[in-house]
Amino acid sequence: MLNNNYILTTPRLGLRNWLPSDETPFIEMCQDREVMRYFPSLLSAEESLALIERLKAHHKKHGFTYFAVDVLETGEFIGFCGLAVQAWQSEFTPGVDMGWRLKKSAWGKGYATEAAKTCLHAAEHTFDLQEVLAFTPDLNLSSQHVMKKIGLEFAGTFQHPKIANDNRFKTCVAYKKTFFKTEG
Ligand SMILES: CC(C)(COP(=O)(O)OP(=O)(O)OC[C@H]1O[C@@H](n2cnc3c(N)ncnc32)[C@H](O)[C@@H]1OP(=O)(O)O)[C@@H](O)C(=O)NCCC(=O)NCCS
């Protein structure tokens with residue numbers, strides 16, 4: 001079910017700005033313990049709605065965000081994948097990172113890799129970024145696998161400043177890709 005809202009498309013997926021119809025499935029996804037197992041806590045409904053509002057505001061400001069992702073064939077919303085400015089301070093930031101979170105029923109089909117590859121291409125060629133980062137707790141191997149599969153390179157480990165000191169997800173890994181631009 002192809003609609004006109006897609007900003008990026010892949011062979012199987014459409015990436016777009018957020019719609020009111022995403023709210024209920026997004027709240028459910030962010031309350032799924034398996035989906036959220038590498039995050040310090042589940043998100044309440046209010047926190048999920050606030051996150052959607054921040055992602056929409058980010059899109060308005062920058063022209064990209066963590067996009068809502070649909071399966072093209074069915075129109076089903078399955079989560080997000082995209083790019084976002086990270087202003088917090090660390091040895092790898094500020095910068096633009098890639099993020100992804102899909103509902104469990106959509107895992108293991110290559111969707112995250114497919115969406116992320118297209119976002120990486122758009123980061124260079126559409127959004128004209130010079131570098132893209134990606135972060136995840138060192139324990140999150142499936143997310144790191146996606147990072148490697150799309151061609152990001154390991155940049156180092158660090159203690160995430162936004163995660164509490166005693167939290168087991170405090171130690172994170174950074175991956176990155178730098179785009180070399182030739183002068184006009
Ligand atoms: C991370 C996530 C987006 C991956 O989505 P996905 O659509 O299943 O990913 P893909 O199918 O494109 O690829 C996943 C790859 O990781 C591999 N993988 C899965 N679990 C793994 C593990 N524990 N260790 C190593 N690799 C693993 C899969 O085998 C697959 O690789 P392959 O295609 O070479 O077989 C999904 O699991 C998710 O939403 N997780 C919860 C949210 C999250 O952790 N987001 C990242 C936060 S930084």
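Mentor: Let's take the ligand, then the sheet and helices, then the loops. This is a predicted model: local features need pLDDT of at least 70, side-chain atom pairs count only at pLDDT 80 or more, and totals for chains, interfaces and linings use all residues. Residues are numbered from 1 along each chain as its sequence is written, and side-chain values use heavy atoms, with hydrogens and water left out.

Trainee: How many residues surround the ligand, and which are the closest?

Mentor: The shell holds 22 residues. L102, G108, G110, T113 and K149 are the closest. A residue is near a molecule or strand if one of its heavy atoms lies within 4 Å of it.

Trainee: Which polar side-chain atom lies 2.4 Å from an oxygen atom of the ligand?

Mentor: That one belongs to K149. H145 also places a polar side-chain atom 3.0 Å from a ligand oxygen. From G110 a polar backbone atom takes part, at 2.8 Å from an oxygen of the ligand. A polar contact is a pair of N or O atoms within 3.5 Å; within protein, one must be able to donate a hydrogen and the other to accept it, and residues adjacent in sequence count only if both atoms are side-chain atoms.

Trainee: And how much of the ligand does the protein bury?

Mentor: The protein buries 70% of the 960 Å² that the ligand exposes when taken alone. Those areas come from the Shrake-Rupley method with a 1.4 Å probe; for residues, only the protein chains shown count as cover.

Trainee: Which helix gives the most to that shell?

Mentor: Helix 4, with 6 residues. Strand 5 (95–102), helix 3 (111–125), strand 6 (131–137) and helix 4 (141–149) each supply at least two. Helices (H or I, at least four residues) and strands (E, at least two) are DSSP runs, numbered from the N terminus.

Trainee: New topic. What order do the strands take in the sheet?

Mentor: The order is 1-2-3-4-5-6-8-7, in an open sheet of 8 strands with mixed pairing. Two strands pair if DSSP finds at least two bridges between them.

Trainee: Why is one side of strand 1 and of strand 7 left without a neighbour?

Mentor: Strand 1 (6–9) and strand 7 (153–159) stand at the edges with a single partner strand each, so one side of each has no neighbour in the sheet. From one strand to the next, the twist averages 30°.

Trainee: Which strands run antiparallel to strand 8?

Mentor: Strand 6 does, over 7 bridges. There T136 has V173 as its bridge partner. Strand 7 does too, through 6 bridges, with F154 partnered by Y175.

Trainee: What does helix 2 touch on the sheet?

Mentor: Helix 2 (residues 45–62) packs against strand 1, strand 3, strand 4 and strand 5, at about 55° to strand 4. Contact means heavy atoms within 4.5 Å. Axes are lines fitted to C-alpha atoms, for helices over the stretch in contact, and angles run from 0 to 180 degrees between N-to-C directions.

Trainee: Now the loops. Where is D32 found?

Mentor: D32 sits in the loop between helix 1 (23–29) and helix 2. Its side chain makes a polar contact of 3.4 Å with that of K104.

Trainee: Which peptide bond is cis?

Mentor: The one from T93 to P94, with omega near 5°. P94 lies in the loop between strand 4 and strand 5.

Trainee: And what is phi of D128?

Mentor: Near 60°, a positive value in a residue other than glycine. D128 belongs to the loop between helix 3 and strand 6.
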